[in-house]
Amino acid sequence: MPKDKLARFAAIKTFENVLEHRYLADFPLKGHWHRDFFKNDHPLVLELGCGKGEYSVGLAQLYPQKNFLGLDIKGNRMFIGARQALQQNLNNVGFLRTRIDFVADLFAENEVDEIWLTFSDPQPQKPKKRLSSSLFIQRYRSFLKPGGTVHMKTDNDLLFDFTMEEIATHGYSIVDYRPDLYASLSTETDPLKLTIFSIKTHYEALFHVKGHVIKYVSFTIH
Ligand SMILES: C[S@@+](CC[C@H](N)C(=O)[O-])C[C@H]1O[C@@H](n2cnc3c(N)ncnc32)[C@H](O)[C@@H]1O
């Protein structure tokens, strides 16, 4: 393993804003995130497959009255966002190194208010593993509050079309639909939305340079 990756793994073990889920026992924070981790009762927002955590950190800066948690299996990526949060004294953002497949073991009923899926892997060969598949939505339903929004930002046509089909098939309610997000911003008048959409993730920047169209949809699942 490269030296800097090893150094990052060692470093995040000392970060108070990074946790690891080891899959062996009941996760102790399930049902207790507010009391035992964030130490307040503010709404909880998840970023699944957060990578370097640009949305978790960016939204935490924008919304001090909400809590944010980025989940990913890659500790060396979340190191970037976790370090940034510590340097900026952002105590409303944390990171959890885990496989998202176990997400239903991590949160109790009604514990989560919103979910962001940022440039999720499109899983071309394995539709069930897509983070907007009915398998995953069923998991989210076990902890997302009724009316809680799922946001998806992606460049990938396969994943976006699949998600739109899932929304139609299962009767989820669309909140906001932007098949060309950047084009839609030229007529957007809500300054908060402009700020939220101006947050760019690492993969988003890479795909944008390649000329990919960035798409966005948000929906509720209950
Ligand atoms: C294409 S990257 C996007 C990262 C980041 N959101 C961005 O936009 O730059 C997808 C991320 O999802 C994570 N990921 C994919 N499947 C996962 C799973 N089942 N459990 C945990 N992390 C997963 C990967 O490790 C990777 O960091």
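Student: Which residue of β6 does Leu117 stand opposite?
Tutor: In this predicted model, Leu117 stands opposite Met152 in β6.

Student: What makes β5 and β6 a pair?
Tutor: Two strands pair if DSSP finds at least two bridges between them. β5 and β6 (residues 144-154) have six bridges, so they pair, and the sense is parallel.

Student: In what order do the strands of the sheet lie?
Tutor: Eight strands form an open sheet in the order β1-β4-β3-β2-β5-β6-β8-β7, with mixed pairing. β1 (18-20) and β7 (173-178) are at the edges because each has a single partner strand; one side of each therefore has no neighbour in the sheet. From one strand to the next, the twist averages 20 degrees.

Student: What packs on this sheet?
Tutor: Helix α6 (residues 157-170) does, touching β6, β7 and β8 (215-220). The direction of α6 makes about 25 degrees with that of β8.

Student: How do you know that β4 is mostly covered?
Tutor: A residue is buried if 20 or more other C-beta atoms lie within 10 Å of its own. In β4, five of its five residues are buried. Val93, Phe95 and Arg97 point one way, while Gly94 and Leu96 point the other way.

Student: Which residues are bridge partners in β4?
Tutor: Phe95 is the bridge partner of Val18, and Leu96 is that of Leu71. β1 and β4 pair in the parallel sense over three bridges, and β3 and β4 pair in the parallel sense over five bridges.

Student: Why is Gln88 called exposed?
Tutor: Gln88 has 12 C-beta neighbours inside 10 Å, so Gln88 counts as exposed. The place of Gln88 is in the loop between α4 and β4. Gln61 is 27 residues from Gln88 along the chain, and their C-alpha atoms are separated by 9.1 Å.

Student: Why is α3 called roughly parallel to α4?
Tutor: Two packed helices are described by the angle between their axes and the distance between the axes. The axes of α3 and α4 come within 9 Å and cross at roughly 20 degrees. Angles under 35 degrees count as roughly parallel, so α3 is roughly parallel to α4. Glu54, Ser56, Val57 and Ala60 of α3 make the contact with Gly81, Gln84 and Ala85 of α4.

Student: What makes α3 mostly covered?
Tutor: Seven of the nine residues of helix α3 (residues 54-62) are buried; among them are Tyr55, Gly58 and Leu59. The buried residues of α3 pack against elements including β2 (44-48), β3 (67-72) and α9 (202-209).

Student: Which residues touch the most other members of the largest nonpolar core?
Tutor: Of the 42 residues in that core, they are Ile115 and Tyr140. Leaving out residues up to four places away in sequence, Tyr140 touches Ile115, Val150 and Ile221.

Student: How do you know that the radius of gyration agrees with that of a compact globule?
Tutor: With 222 residues, a compact globule would have a radius of gyration near 17 Å; the protein chain has 17 Å, so the two agree. The C-alpha atoms fill a box of roughly 45 × 40 × 35 Å along the principal axes.

How values were computed. Residues are numbered from 1 along each chain as its sequence is written. This is a predicted model: local features need pLDDT of at least 70, side-chain atom pairs count only at pLDDT 80 or more; totals for chains, interfaces and linings use all residues. The radius of gyration is taken over C-alpha atoms; the globule rule is 2.2 Å times the number of residues to the power 0.38. Helices (H or I, at least four residues) and strands (E, at least two) are DSSP runs, numbered from the N terminus. Two residues are in contact if their C-beta atoms, placed from the backbone, lie within 7 Å. A nonpolar core is a set of buried Ala, Val, Leu, Ile, Met, Phe, Trp, Tyr and Cys residues joined through C-beta atoms within 7 Å. Axes are lines fitted to C-alpha atoms, for helices over the stretch in contact, and angles run from 0 to 180 degrees between N-to-C directions. Angles under 35 degrees count as roughly parallel, over 145 as roughly antiparallel, 65 to 115 as roughly perpendicular and the rest as oblique.
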